[in-house]
Amino acid sequence: MKELTEKILKFSDDRGWGGNHDARSLAISVSLEASELLEHFQWVSAEEAIEKDKQAIVDEAADVFIYLLQLANVLNIDLKEAAQQKMEKNALKYPLPSITK
């Protein structure tokens, strides 16, 4: 992910966009792109959305990921480690149901 993040940052810097990429702006961008992703599923089933607009869905998911990587970079978050820690918290918060007979 480090190599991809560096490539994304270079792309942004080469275009002079880096000044707009503070934590607040990036968090807003993650949310906006996620909303654009969700828009493809509005009023249709998941199957219909995928059949109709799969590439657009892929592109929006990539936009969310790109902004999230940039946000993680600004906040110095290791997303892989953060996800692993969150899964451990989730396992404690949502334990497997005990099966009783």
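Which element gives the most to the lining of the largest pocket? Helix H1 does, with four residues, and the legends below take up this pocket and several other sites. The structure is a predicted model, in which local features need pLDDT of at least 70 and side-chain atom pairs count only at pLDDT 80 or more, while totals for chains, interfaces and linings use all residues. Residues are numbered from 1 along each chain as its sequence is written, and side-chain values use heavy atoms, with hydrogens and water left out.

**View 1. The largest pocket, with a volume of about 250 Å³.**
The pocket is lined by Met1, Lys2, Thr5, Glu6, Leu9, Leu69, Ala72, Asn73, Asn76, Ile77, Asp78 and Leu79. A pocket is defined on a 1 Å grid over the protein atoms alone as an open set of points where a 1.4 Å probe fits, with protein on both sides within 12 Å along at least five of seven lines, and lining residues have an atom within 4 Å of a point. Grid points are joined across faces, edges and corners, and the volume is the space filled by probe spheres set on the points. H1 and H3 each supply at least two residues of this lining, where helices are DSSP runs (H or I, at least four residues) numbered from the N terminus. By class, the lining has six nonpolar, three polar and three charged residues; Ala, Val, Leu, Ile, Met, Phe, Trp, Tyr, Cys and Pro count as nonpolar, Asp, Glu, Lys and Arg as charged, and the others, Gly among them, as polar.

**View 2. The second largest pocket, with a volume of about 160 Å³.**
Ile8, Phe11, Ser12, Trp17, His21, Ile66, Tyr67 and Gln70 form the lining of the second largest pocket, and the elements that give two or more residues to this lining are H1 and H3. Its residues divide into five nonpolar, three polar and no charged.

**View 3. The salt bridge between Lys10 and Asp14.**
The structure holds one salt bridge, a term for a side-chain nitrogen of Lys or Arg within 4 Å of a carboxyl oxygen of Asp or Glu. The side chains of Lys10 and Asp14 meet at 2.7 Å, N to O. Because Lys10 and Asp14 are four residues apart in helix H1 (residues 2–14), about one helical turn separates them. Asp14 counts as exposed because its relative accessibility is 51%, given that buried means under 20% relative accessible area, exposed over 50%, and partly exposed in between (1.4 Å probe, protein chains only).

**View 4. A nonpolar surface patch formed by Met1, Leu4 and Phe65.**
Together, Met1, Leu4 and Phe65 have about 270 Å² of accessible area, as given by the Shrake-Rupley method with a 1.4 Å probe, with only the protein chains shown counting as cover for residues. Patches are made of residues with over 30% relative accessible area and no salt bridge, like charges being joined within 9 Å and nonpolar side chains (Val, Leu, Ile, Met, Phe, Trp, Tyr) within 5 Å. Phe65 has its place in helix H3 (residues 46–75), and Phe65 counts as partly exposed because its relative accessibility is 38%.

Most residues other than glycine have a negative phi.

Val44 has its place in the loop between H2 and H3 and counts as partly exposed at 35% relative accessibility.
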